[in-house]
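Please find below a briefing on one protein model, written for a reader who will follow it with the sequence and the coordinates at hand.

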Amino acid sequence: YFPRQIWFSGLGHLGQASIWLIGLYKDFSESGIKCILQDDDVVDESNLYTQVLSNQKDVDKPKTRVCASYLEQRGIQTRILEKRMTINEYKDCEELDIPVLVNGYDNVGARRMIQPSAFDLIIDSGVGSSLDLFDSITQYAFP
C-alpha cells in the first residue's frame with residue numbers, strides 16, 4: 001500500500017530526508033502518485049551539509065523545486081506551494097482529501113498548527129532545540 005497523495009510541509013533536512021527515502025522505494029512511473037511540496041525557503045550554502053537533495057547548483061533555488069525535480073525523475077507528480085503553512089491551510093486539508101502529511105518543520109509553532117482530523121496519518125519529525133542536539137531527531141506518527 002502506498003498513499004495516492006502525500007503533503008510534504010517543511011523541506012529542510014528532515015523533509016528532504018523523507019522525500020529521498022520515498023524516492024528509493026520503487027519505480028513510481030505508472031503509479032499516479034501525487035505530492036504537494038510546501039516550503040517558503042531557498043537553498044543556501046549552509047544547507048549543503050545537511051540536506052540530502054541539495055547540491056551546489058541548487059543554491060538560491062526554492063527547496064520546493066529541488067524536491068520536485070527529484071520526485072518527478074522517479075515518476076511522482078508534484079504540486080508546489082512556495083509559502084508558509086498557515087492554520088487555515090491545515091483546516092482546508094480536510095476538503096482536499098489528502099490522506100498523509102509528512103511534516104518536517106523544526107519550528108514548534110508550525111508543528112502545533114497541525115490539524116490531526118484533516119489527515120488519516122501524520123508523520124511529524126523534529127530536531128533538538130539547541131546546537132548540541134541538532135542531530136537528535138524525534139518522530140511521531142498520529143493519530
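Just after H2, the helix at 63-73, Gly75 takes a positive phi of about 85 degrees. Helices (H or I, at least four residues) and strands (E, at least two) are DSSP runs, numbered from the N terminus. This is a predicted model, in which local features need pLDDT of at least 70 and side-chain atom pairs count only at pLDDT 80 or more, while totals for chains, interfaces and linings use all residues. Residues are numbered from 1 along each chain as its sequence is written, and side-chain values use heavy atoms, with hydrogens and water left out.

**Helix H2 and its surroundings**
- The buried residues of H2 are Lys63, Thr64, Val66, Cys67, Ala68, Tyr70 and Leu71, where buried means under 20% relative accessible area, exposed over 50% and partly exposed in between (1.4 Å probe, protein chains only).
- These buried residues pack against H1, S2 and strand S3 (77-81).
- The charged end of Arg74 sits over the ring of Tyr70, 3.6 Å from its centre; the criterion is that NZ of Lys or CZ of Arg is within 6 Å of the ring centre and within 35 degrees of the ring normal.

**Nonpolar cores**
- A nonpolar core is a set of buried Ala, Val, Leu, Ile, Met, Phe, Trp, Tyr and Cys residues joined through side-chain atoms within 4.5 Å.
- In the largest nonpolar core, which has 20 residues, Ile6, Phe8, Ile19 and Leu37 touch the most other members.
- Two or more residues of this core come from each of strand S1 (5-9), helix H1 (13-25), strand S2 (34-38), helix H2 (63-73) and strand S4 (100-103), and the largest share, five residues, is given by H2.
- Leaving aside neighbours within four places in sequence, Phe8 is in contact (heavy atoms within 4.5 Å) with Ser18, Ile19, Ile22, Cys35, Ile36, Leu37, Gln38 and Val102.
- Another core lies apart from the largest one and has twelve residues, among them Leu81, Met85, Tyr105 and Ala110.

**Aromatic pair**
- A search of the whole structure finds one aromatic pair, a term for rings of Phe, Tyr and Trp (its six-membered ring) whose centres lie within 6.5 Å, with planes under 30 degrees apart counted as stacked, over 60 as edge-to-face and the rest as tilted.
- Tyr25 and Phe28 form this pair, which is stacked at 6.2 Å centre to centre and 25 degrees between the planes.
- Phe28 counts as buried because its relative accessibility is 0%.

**Whole chain**
- The protein chain has four helices and six strands, in the order β-α-β-α-β-α-β-α-β-β from the N terminus on.
- Buried residues make up 43% of the 143 residues in the protein chain.
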